[in-house]
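Hi everyone, thanks for coming. Please have a look at the structure on the screen, and then I'll walk you through a few parts of it.

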Amino acid sequence: MSLCVKNDVYWAGKIDWELRKFNGDEYSTHRGSTYNPYLIKEEKVALIDTVRAPFSKEFITNLVKKIDLRKIDYVIANHAEIDHRGALPELMLYIPDTPIYSTKNGINSLRGHYHQDWNFNVVKTGNRLSLGPKELLFIEAPMFHWPDSMFCCLTEDNMLFSNDGFGQHYASEYMFNDLVDQSELFNECMKYYANILTPFSPMFIKKEKEVLGFNRPLDIICTGHGVIWRDNPRADR
């Protein structure tokens, strides 16, 4: 399944309808969840994150329906936790030389997990990656909620790829915030923040100010889990 988020940006993830526990028994997910990688098809093509390992082959099968894997120019690893990078080894079997961009801690984590010396490239806050007429802007977000975490912005399209920020464990076929039950959505938002991000609230506030400090408008927040937030809702449900 793929979904056009905006212009040439596509959701390329997995809706996990059956998920009832996240991280073992730590977190109940009665409404399931999603794993949200994104494919950006500009002059240069970037893939942001992947899915959990059990869905690796399904992820690859669906991805090749959207693009020849050899045309992916960059892989962006916003987070090295298993629900974001689980399908990376399967993907790299097809494109082993494609550069992977992540924070220093993210690359250390990926090397530690997979013992592979892929074409890693360290990025820091303020670094930019050209996709042709558009570019990605990287923002480190350590302890949000892992030491490796980062965000990135597609600046010309006013999109933030927020990793675990602003997410929810919430499965829905609609995938946009304005198209789902608002009571369910905000209950899941509060539960997600309380269980995953509350210990890092000072970092969340600091990072929010940092993102706003770039003076870039944000129309869409592409989360790592759950529905995508957009500023211009459509009543097409």
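This is a predicted model: local features need pLDDT of at least 70, side-chain atom pairs count only at pLDDT 80 or more; totals for chains, interfaces and linings use all residues.

Residues are numbered from 1 along each chain as its sequence is written, and side-chain values use heavy atoms, with hydrogens and water left out.

Let's start with helix α6, residues 201-212. Helices here are DSSP runs of H or I with at least four residues, strands are runs of E with at least two, and both are numbered from the N terminus. From first C-alpha to last, the twelve residues of α6 reach 17 Å, close to the expected 16 Å; that expected span is 1.5 Å times one less than the number of residues.

Which residues of α6 are buried? They are S201, M203, F204, K207 and V211. Buried means under 20% relative accessible area, exposed over 50%, and partly exposed in between, using a 1.4 Å probe and protein chains only. Seen down the axis of α6, the buried residues fall within an arc of 150°, so they line one face of the helix; the arc is taken from the directions from the helix axis to the C-beta atoms. P202, K206, K209 and L212 are exposed on the other side of α6. The cover over the buried residues includes β13 (135-140), β14 (150-154) and α5 (182-197), with contact meaning heavy atoms within 4.5 Å.

Now to charges. Side chains of opposite charge can pair when their charged atoms come close. A salt bridge here is a side-chain nitrogen of Lys or Arg within 4 Å of a carboxyl oxygen of Asp or Glu, and the structure has eleven of them. One of them joins R31 to E188, with the closest N and O atoms 2.6 Å apart. R31 sits in the loop between β5 (27-28) and β6 (33-35) and E188 in helix α5, so this pair ties together parts 157 residues apart in sequence. R31 is partly exposed at 31%, whereas E188 is buried at 7%.

Another salt bridge pairs E135 with R128, at 2.5 Å between the closest N and O atoms. Shared partners also join R31, E184 and E188 into one network.

Finally, how many disulfides are there? The search of the whole structure finds zero, a disulfide being a pair of cysteine sulfur atoms within 2.5 Å. For C4, the nearest cysteine sulfur is that of C222, 11 Å away.
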